[in-house]
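Here is a short report on selected strands, helices and cores. Start with the chains below.

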Amino acid sequence: MSAELLKALRDVVGREHVLHKPEDLLVYELDGTIDRSLPDAVVFPGNTEEVQGVVRACNALDVPVTPRGAGTGLSGGAVPTRQGVVLATARMRRILDVDPVERTATVEPGVANIRLSEIAAEHGLFYAPDPSSQKACTIGGNVAENAGGPHCLALGVTTNHVIGMEVVTASGEVEWLGSHGPEPTGYDLRGLFIGSEGTLGIATKVVVRLVPVPETVVTLLAIFDDVDSASETVSAVIGAGLVPAALEMMDTVTLQAAEAGLRCGYPPDAGAVLLIELDGIEEVVRGQVTQARAACNEHGATEIRTATEPAERELLWKGRKGAIGALGRIAPNYYLLDGVVPRSKLVETMGEVARIGEGYGFPVANVFHAGDGNLHPCLLFDEREEGATARVLEAGAEIMRVCVEAGGALTGEHGVGFEKNRFMAWLYSEEDLENMRRVRGVFGNEGAFNPCKVLPEGTGCGEMAHQKGALAAAGPDAYV
Amino acid sequence: MTGWPLIEDAPDTADLAKCVHCGLCVNACPTYAITGLEVESPRGRIHLARAVAEDRIPLTEAVQGHWELCLQCRACEAVCPSGVPYGRIMERARAQLDAAPPAKGWQRRLRRFALRNVVARPPVLAAMLTPVRWFARSPLRGLVRAAGVLRLIGPLGRLEAQLGRPGRPFRPRDAAGEGEVALFTGCVMGELFGDVHRASMRVLERSGADVFAPRGQGCCGALSAHDGDLEQARRLARANIAAFEASGAEAIVVNSAGCGAAMKEYGELLAEDTEFAERAEAVAARVVDFSEYLAGRDLPAGRLGARVAYQDACHLAHAQGISAEPRALLDAVEGCELVETEGADMCCGAAGIYSLIQPAMSGELRARKADQFREHQPDVIVTANPGCQMQYEAAVREAGIEARVLHLAEALDEALTSD
Amino acid sequence: MSEAAAQASPLVAGRAPEAVVAPASLDELRDLVAERDGRTLVPVGAGTQLALGGAPREPFTLVDVCGALAGEVEHEPADLTAVALAGVTLGELDAQLAGSGQRLPLDPPHAERATLGGVLAVGAGGPLRTRHGLPRDFVLGMTVLRADGELVKAGGRVVKNVTGYDLMRLWCGSLGTIGIVTSVAVRVLPRVETIDLRFEVRTLAEGQGLAERFLRADLRPELLDLTKEDGRWVGVVRLTEGAVPKAESIAEADLAPSSEGDYLAVRDLGFQKEEMLTVRASCPTSAIGSTAEALEALAPSRLLVRPLAREVRATWEEGSLPEGDAVAGAVGRLRAGLAESGGGLLAERIPTELRGALDPWGRPPTFARMAAVKAAFDRDGRLNAGRYVGGL
């Protein structure tokens, strides 16, 4: 890194908030994914002005900037693909305001997702989107990825709950998008920014909508002999006119891992389970539970457990939320995918996924948001086997292709990032992608702001692919 | 190809590979909470260990700094979905530092000397701590505190602030005999927390247990292991194993969370020891925490009219997974109003000898506890580990409140006595 | 142009088009857009919102897209999705969805006649937004005819998707200024049995309090609108049947059955005629009372508050219109006051005699960025130029 850059960064944030020693940079080369690239420096601005100062300094010196929250992302969004500066929001984690009348909270981007529900609890409110990494992931990262979670089925994802942000744009300007509650006039720039994967700018203040805690919540754990009957049940539940708060499926491989790791009382011998959560006032929920149970029974549920106490429900969710990580207990490595298919294609697609896994010789664990057709197949492998990493990536690509061909999408909640940017052409024409390029231009991103993410281009991005191969061959590593 | 200087005690490649760098641990980590730096998080430290293992980077002073700032509280282990044995990785990483310290070598040597020749030797330890006990109870202490002389000598001042009013020592010979239940007496615990042992004995007896303290037992070895002196830790473990085997006790009750966690892991520590591996497993299987033991027994309710803030000891909650039992025991006490403070399960910064070596970070964490105490104004703070107890004495003073700090055993004993 | 629009005046915000064309196919529409003849193109569906916004830049051609964008709805009941061409009306769509017990809970003014494309371009919701949000919240994917004649898409057909930028949100509510919506994939919901109830309260604050209690009690009202009638506030609320007993117990007001007419009246309030003044303020909950009061000072014919959607709407019929200066002053003050919270005030309908006095949109603080968006997607300002915010 140039002395000029180091000085410029230190001038903005102060000496102690710039990391540049190799040992200090190492962990910032990765997030939760496969891709790695070492930054030249990591800076920790403490407020909006400093974020702006860092972005401007980097722009002036033509240095790439990559924003980073907690680094829990699953598509390489926080990986500094073309080196340069990682702008971490870890120092910006103040709660600025909680307003029970407007039912909003205003926070800095480094605040952990779970914190929002914690601070809202005393007002009988909570923050709805709940990614499985919610204890660690930050609201800034959630905004970037338009994060979802099991409870987004009825309540929607981040874009339905973040109503305004102060941002520093890629060009270094400070601007409010959206509002503190009411709906602003003109183009929905807020909606455009959310889910732009940190390529248009960095949110420096975030206003979230808080919703009342449901009066009654019932979680059903329905146990099935196989995935097919569980999938059919999902359709039946939806067909019965229910929109559960959450509708999740886990297959036998996942159940065994979760039970081994988290001891949450799952039946490890079952072929599949569904977690169905219904909420609302007791009078209404009671009827819905009856309907949901009937749907389960009709489609071959061998057992249905009902949890109404918070502790019981938490236990059931603990397994679900920790399930993917728990796979680390049954395989040295796994590659977690995120694809979406129309709900009616679930069974068919799962069959295809299993077939692909078998063809490559990788066991597949499935844990996913069945209610919205968002699949998370995990390919289990051991990278110490010669060529396993390359093959698992190929298998992953094939699975993505299957999702696209089923009329689905490349990602339901993890983002395109660097991981899938080369698949974008499967879904979108050159002119479709041109729209996204134009949007980048509107926010002043000339290619160096979180480079190589979402769109398959940008000079220097190709190097990562080589690096990927080299790194994969090198170390004992796992792929989330 | 590896950069480990002490290959036989290097972090296991399989252990390191278990980390899928998902990042779910970062927020559970106290040092990350304070610094906001991922290099000061479990993922960062594991990634550094991998980089050294792969010879990507040498074992430098910077690496040492990041590893040594770790409290080894193992809060990360409790939230890790992949089951990464972080505690084991960090002990072994420290063993590398011990073998070839990039910096502060003399400090490490001094610590090793003290741990091996003072802490691990009951007569020496007793000789050293007797004046401390005397000082802590003497009127002189008030004068010294008022004059602030100890503050001039940093570590001594900090130690003074942590001292409660230690009662008589409690050594194995004070409860010699035979029985089903063996009480583990430890090293510093027996010298400075004799009251806790006596309270434990009384409470265990009220639960119908036949308790005694086997001879030949000594320091559990946790302090050495955490500092990377695995050789010494194994030596102490073997001595304890022999002593407890000889005692014939069915259960080994430990009232110090750090010791309990270490002893439950004797099997792992001695896995490579052909003579002791199986014996270590067998003894480890008999180790139970004080609250864990009582959870399965009938204990009269007792009475304690007080607002009580229970603070988890890291090595009880995170390493042993015991957090409900102590609360349930307190909850059963009549008049005991349990208050949950924010961050009750976050490390207080005591962490064995950490508060002496990393005073700044330790102080930050203590201040967090002090803030909570000030906000909730408990009458009694209860915990389950001597180091934590000492740290809370200092935190209470920092908070400027009048709360008493008690070990769970003391709280229950008081409740049962006033019954 | 659909029949209804053709019968009405073809004026767009008070200005007459130079020509009215109705391409018969998507290709014809494409050719028309690609042709660069210097005219402004004003796309129109059912024409329910032709009065919205500023007058188009002249010369302009009114382009009736209904013919070009008519077609079958692809409804996938099992997926809870539907794909429709933009010329399909909400009424037609609803009829088809109803066959499978499903619905798209969007109810802007004149919902039966309004086309899907038009509804999304305007972006406004109706009473149901209280529970279900705005049109943009139901869009899964969109195909749009860009100003250069390219047919482009974003999103997809699945209910959860973050593949690429969320351009759908940019297009929704853009009033066709950066592209003409040609087809849309939407998320639909099961139809539920509901019941409309009517109640009276003395003050707006009481009405707001009732709304807040219903929300906090988790009753999930689908709509809850308050209108002022003869000095009192009359509310209409839609609940599932199971929620009624609890609602009755916490309402602190009598809940009586309400007629379909009550609902339609609040839905279409402010849009019964072209020549009327209708303004809608979007404000924080804490400012609803003061905003309603400020508008009330101008003696509107009707005043509507949608408390849980933070919306206040006032409307003046011909014959009872306020003075230009008075309304311009009040609107200016309200806009300035709402700016802090990020809210705004939109003059949704402006009668001819007040057109000169009122800026329909006001100028948001992000106007420069909006102008950059417009320039990026319609450099020559061909689509609907002049009608949108700041004359974009």
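Two strands count as paired if DSSP finds at least two bridges between them. This is a predicted model. In chain A, β3 and β4 (residues 85-88) meet that rule with four bridges, in the parallel sense. P67(A) has L87(A) of β4(A) as its bridge partner. Helix α3 of chain A, residues 48-61, packs on the sheet. α3 touches β2 (41-43), β3 and β4 of chain A, and its direction makes about 170° with that of β4(A).

The sheet is open and has four strands, in the order β1-β2-β4-β3 of chain A. Its pairing is mixed. At the edges lie β1 (18-19) and β3 (65-68) of chain A, each pairing on one side only. Strands of a sheet pair through backbone hydrogen bonds, either parallel or antiparallel.

## Strand β6 of chain A

Strand β6 of chain A covers residues 104-107, and both of its faces are covered. T104(A) and T106(A) lie on one side, A105(A) and V107(A) on the other, and all are buried.

β6(A) pairs antiparallel with β5 (residues 95-99) of chain A over four bridges. There, I95(A) has V107(A) as its bridge partner. The hairpin of β5(A) and β6(A) has four residues between the strands, and R103(A) takes a positive phi near 55° in it. β6(A) also runs antiparallel to β10(A), joined by four bridges.

## Strand β7 of chain B

Which way do the residues of β7(B) point? V380(B) and V382(B) point one way, I381(B) and T383(B) the other way. All are buried.

β7(B) pairs with β5 (residues 303-310) of chain B in the parallel sense, over three bridges. V308(B) stands opposite V380(B). β7(B) also pairs with β8 (residues 404-407) of chain B, again parallel, over four bridges. Here T383(B) has H407(B) as its bridge partner.

Helix α13 of chain A has 18 residues, 388-405. At 1.5 Å a residue the helix should span 26 Å, and its end C-alpha atoms are 25 Å apart, so the two values agree. Its buried residues include V392(A), L393(A), I399(A) and M400(A). Just after the helix, G407(A) takes a positive phi of about 90°.

The largest nonpolar core holds 146 residues. M165(A), L104(C), M142(C) and L170(C) touch the most other members. The largest share of this core, ten residues, comes from α13(A). Leaving out residues up to four places away in sequence, M142(C) touches, among others, L120(C), V152(C), M168(C) and W171(C). A second, separate core has 72 residues, including F44(A), A323(A), V20(B) and L37(B). In soluble globular proteins, nonpolar side chains tend to be buried together.

## Glu197 of chain A

Is E197(A) buried or exposed? E197(A) counts as buried because its relative accessibility is 3%, and buried means under 20%. E197(A) is found in the loop between α7 (189-193) and β10 (201-209) of chain A.

Beyond its neighbours within four places in sequence, E197(A) is in contact with residues including S75(A), E145(A), N450(A) and V162(C). V416(A) is another of its contacts. The side chain of E197(A) reaches the backbone nitrogen of V416(A) at 2.7 Å. E197(A) and E314(A) are 117 residues apart in sequence and 30 Å apart in space, C-alpha to C-alpha.

Conventions. Residues are numbered from 1 along each chain as its sequence is written. Chains are lettered from A and ligands numbered from 1 in the order in which they are written. This is a predicted model: local features need pLDDT of at least 70, side-chain atom pairs count only at pLDDT 80 or more; totals for chains, interfaces and linings use all residues. Side-chain values use heavy atoms; hydrogens and water are left out. Helices (H or I, at least four residues) and strands (E, at least two) are DSSP runs, numbered from the N terminus. Contact means heavy atoms within 4.5 Å. Axes are lines fitted to C-alpha atoms, for helices over the stretch in contact, and angles run from 0 to 180 degrees between N-to-C directions. The expected span of a helix is 1.5 Å times one less than its number of residues. Buried means under 20% relative accessible area, exposed over 50%, partly exposed in between (1.4 Å probe, protein chains only). A nonpolar core is a set of buried Ala, Val, Leu, Ile, Met, Phe, Trp, Tyr and Cys residues joined through side-chain atoms within 4.5 Å. A polar contact is a pair of N or O atoms within 3.5 Å; within protein, one must be able to donate a hydrogen and the other to accept it, and residues adjacent in sequence count only if both atoms are side-chain atoms.
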